[in-house]
Amino acid sequence: MKVDVYFTTNFIEKDEQFSNSIVIMIDVLRASSTIANALRNGAKEIIPVDSTEKAAELYSKLSRETRILAGERNGMKPTGFDLGNSPFEFTTDIVKGKTIILTTTNGTKLFQKAKNAKLKIIGSFVNSEAVINFICKNILQEITPENININFLCAGNFGQFSYEDTLCAGYMINQLIQSISHVEISDASHAAKSLYHQYSDNLKDFLKTKEHSSYLKSIGFLEDVNFCLELNLCPVVPIIHTYNAQMGLYSIRLN
Ligand code: MLT
């Protein structure tokens, strides 16, 4: 089994590139963490959409009783949306049984990648242990590890590297290699793991000073940053299923 990391979404995907892979999609701040919290609080599903226009169009076609339109641009709730992208907005009262159409700047674009992957999972610090346990205990019991690769895809920020996504991948790689033998580590995985070790003693404090954390703090979302950098608050495994293949839409649900 080879473990690899993509630090940004800025790569051209070849047709079969991920066909033999489990893919873990990471946008720590905040899309992956918000999705994990929404599903933990009983949301039926999340449909990730890459533009506000597509999101509004799909919303208009769904049942009024069960739909929620959510997301952000520049971190803020777009005009006319029901919710933004703060995990705290997705409470049980609001999301239980609901279909959430979500559009965010980087995360929901990431989720469109790796179309042919065997399995696509949403990962973040808040659900990292649940994701790694699921892979080790459920998936790798059924598939011989030699026949599958694990790829971590980081959202990054506007096509650029981000520390929070990379260190989350490094943290999960570290967990993975403690549970599975015969893992081949790519240079990128090694770099992510080494960076994680470098900052593991003060991970949260370090990440709170970095670019997207600082931006979110500056617009009043310090509590979101604290939430998203916390380990294992939301022990759920969000899986990306096909929702409508013709329209290229996915539905993120618990397995
Ligand atoms: C994104 O997808 O770019 C993020 O989730 C942005 C954010 O809401 O902080």
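Biologist: What makes Tyr171 count as buried?

Modeller: This is a predicted model. Tyr171 has a relative accessibility of 7%, and buried means under 20%, so Tyr171 counts as buried.

Biologist: Why is Tyr196 called buried?

Modeller: The relative accessible area of Tyr196 is 11%. The cut-off is under 20%, so Tyr196 is buried.

Biologist: Why is the pair of Tyr171 and Tyr196 called edge-to-face?

Modeller: The ring centres of Tyr171 and Tyr196 are 5.4 Å apart, and a pair needs centres within 6.5 Å. The planes stand at 70°; over 60 degrees counts as edge-to-face, so the name applies to Tyr171 and Tyr196.

Biologist: What does this pair tie together?

Modeller: Tyr171 lies in helix α6 and Tyr196 in helix α7 (residues 187-199), so the pair links parts 25 residues apart in sequence.

Biologist: How many aromatic pairs are there by this rule?

Modeller: The count is eleven aromatic pairs. One of them joins Tyr163 and Phe206, edge-to-face, with 5.0 Å centre to centre and 85° between the planes.

Biologist: What makes Arg67 a charge over a ring?

Modeller: The charged end of Arg67 is 4.0 Å from the centre of the Tyr59 ring, and the distance limit is within 6 Å. Arg67 is listed as sitting over that ring.

Definitions and conventions
Residues are numbered from 1 along each chain as its sequence is written. This is a predicted model: local features need pLDDT of at least 70, side-chain atom pairs count only at pLDDT 80 or more; totals for chains, interfaces and linings use all residues. Side-chain values use heavy atoms; hydrogens and water are left out. Rings of Phe, Tyr and Trp (its six-membered ring) pair if their centres lie within 6.5 Å; planes under 30 degrees apart count as stacked, over 60 as edge-to-face and the rest as tilted. Helices (H or I, at least four residues) and strands (E, at least two) are DSSP runs, numbered from the N terminus. Buried means under 20% relative accessible area, exposed over 50%, partly exposed in between (1.4 Å probe, protein chains only). A charge sits over a ring if NZ of Lys or CZ of Arg is within 6 Å of the ring centre and within 35 degrees of the ring normal.
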